[in-house]
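Subject: The structure, and what turned up in it

Hello,

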Amino acid sequence: MTRWGLIGASTIAHEWVIDAIRAVGGEIASVMSTSAERGRKYADDHAVPKAVTTLDALVNDPEVDAVYISTTNELHRDQVFAAAKAGKHILCEKPLATSLDDARAMVKAAKEAGVILATNHHLRGAATHRAMRDAIAAGRIGRPLAARVCHAGLLPAHLQGWRLDRPEAGGGVILDITVHDTDALRFVLGDDPAEVIAFGQESGMATSGLEDAAMGAMRFKSGLIAQFHDGFTTPYAVTGFEVHGSEGSLIARNCMIQKPGGSVTLRTAAGEEDLTLDHRNLYETTLAAFDAAIAGKGRPLCTGEDGVWSLATGLAAMEAARTGNAVKIAPCP
């Protein structure tokens, strides 16, 4: 049984991660919030025995084996450093950091401390994405040539705040959503992005020069080109993920989501086939793999190195949107 400390009394922990930890047999020992009042209420609401106000108090608690970091992005680096130094395993929200140097240093710190560092890219746990990955690996669409991701919707009011008005915290749609697209594409394709071009849109939801929607394209090392459309502003959009190959196409709908669900259709010369999907809670899948990695039985669903890749691509997309130029993606560890 893994005993967890929550760094951040966050909405995502409240809505998804606390239940997932408990569903796979974990226990939550403590929560940290810099507000004593908020931390105590959060602990009471979620039946967590301890609430603390400092990072040191949480990471040095002998009753904590692992930490889940879900604070704003600019805080992740120092929190990962502190947890690694204290010998705690780490599941960190994406993006890992707000700079590539920081993200690489976080991976190095965890490795040197001998602890697991995982990135919470939950879409790797989606049955749709796993079925697409398996179909591609089995050669069912031939050589993958192109992909398209639509990951646009309406950002709920309770999730707005810093995502729309704090550039220093990694706000904006690219570091919030495009990084997810990148990781999903890497997972499904087994390929890495090499270059990106993008346009950001400021349609009035975000402030401080932040983009609330973006479109662009990534070129992968294999030569595959992937389009992406990400947005906070489109309440009636349908999420989707398509991969088109020399011998067939995979078309997924309602799949870039947090809940289990969605469909995948395989189209080939033989006709159309709806793939059989084993829908499970995405976060429980992530937590089960994390526990197995701690026990030395495999690796996390999404490693720290994977998190560096998605951040590198997101930062390159931001630079491309700012300059209007295609930007090469820095090689990652």
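The count comes to two cavities of 30 Å³ or more. A cavity here is a set of points, on a 1 Å grid over the protein atoms alone, where a 1.4 Å probe fits but cannot get out, and lining residues have an atom within 4 Å of a point. Grid points are joined across faces, edges and corners, and a volume is the space filled by probe spheres set on the points. Please keep in mind that this is a predicted model, in which local features need pLDDT of at least 70 and side-chain atom pairs count only at pLDDT 80 or more, while totals for chains, interfaces and linings use all residues. Residues are numbered from 1 along each chain as its sequence is written, and side-chain values use heavy atoms, with hydrogens and water left out.

The largest cavity holds about 50 Å³ of space. Its lining is made by A126, A127, T128, C255, I257, K259, P260, G261, H279, R280 and L282. That lining divides into six nonpolar, three polar and two charged residues. For these classes, Ala, Val, Leu, Ile, Met, Phe, Trp, Tyr, Cys and Pro count as nonpolar, Asp, Glu, Lys and Arg as charged, and the others, Gly among them, as polar.

The second largest cavity has a volume of about 30 Å³. Around this cavity you will find L91, A118, T119, T286, F290, P300, L301 and C302. Strand β6 and helix α9 are the elements that give two or more residues to this lining. Helices (H or I, at least four residues) and strands (E, at least two) are DSSP runs, numbered from the N terminus. By class, the lining of the second largest cavity has six nonpolar, two polar and no charged residues.

On to a pocket, which is an open set of points with protein on both sides within 12 Å along at least five of seven lines. The second largest pocket has a volume of about 190 Å³. G125, A127, R130, A131, D134, T276, L277, D278, H279, R280 and T285 line this pocket. Which helix gives the most to the lining of the second largest pocket? Helix α6 (residues 127–137) does, with four residues. The classes here are three nonpolar, four polar and four charged residues.

Now the sheets. Six strands form an open sheet with parallel pairing, in the order β3-β2-β1-β4-β5-β6. Two strands pair if DSSP finds at least two bridges between them. β3 (50–52) and β6 (117–119) are at the edges with a single partner strand each, so one side of each has no neighbour in the sheet. Strand β5 (residues 89–92) pairs with β6 in the parallel sense over three bridges, and C92 stands opposite T119 in β6. Helix α2 (residues 36–45) packs on this sheet, touching β1 (3–7), β2 (27–32) and β3, and its direction makes about 160° with that of β3. Helix α9 (residues 282–294) lies across β1, β4 (66–69), β5 and β6, at about 155° to β5. Contact means heavy atoms within 4.5 Å.

The other sheet is open too, with nine strands in the order β14-β13-β12-β11-β7-β10-β9-β8-β15 and mixed pairing. Its edge strands, β14 (271–274) and β15 (327–328), each pair on one side only. Strand β9 (residues 213–220) and strand β10 (residues 225–231) are antiparallel over seven bridges, with G216 opposite F228 in β10. β7 and β10 pair in the parallel sense over seven bridges, and R148 stands opposite Q227 in β10. Six bridges join β7 to β11, which run antiparallel.

Last, a helix pair. Helix α4 (residues 76–85) and helix α5 (residues 100–113) pack at an angle of about 5°, with their axes 9 Å apart. Axes are lines fitted to C-alpha atoms, for helices over the stretch in contact, and angles run from 0 to 180 degrees between N-to-C directions. α4 and α5 are therefore roughly parallel to each other, a label given to angles under 35 degrees. H76, R77, V80, F81 and A84 in α4 meet D102, A105, M106, A109, A110 and A113 in α5.

Best wishes

Technical notes:
Angles under 35 degrees count as roughly parallel, over 145 as roughly antiparallel, 65 to 115 as roughly perpendicular and the rest as oblique.
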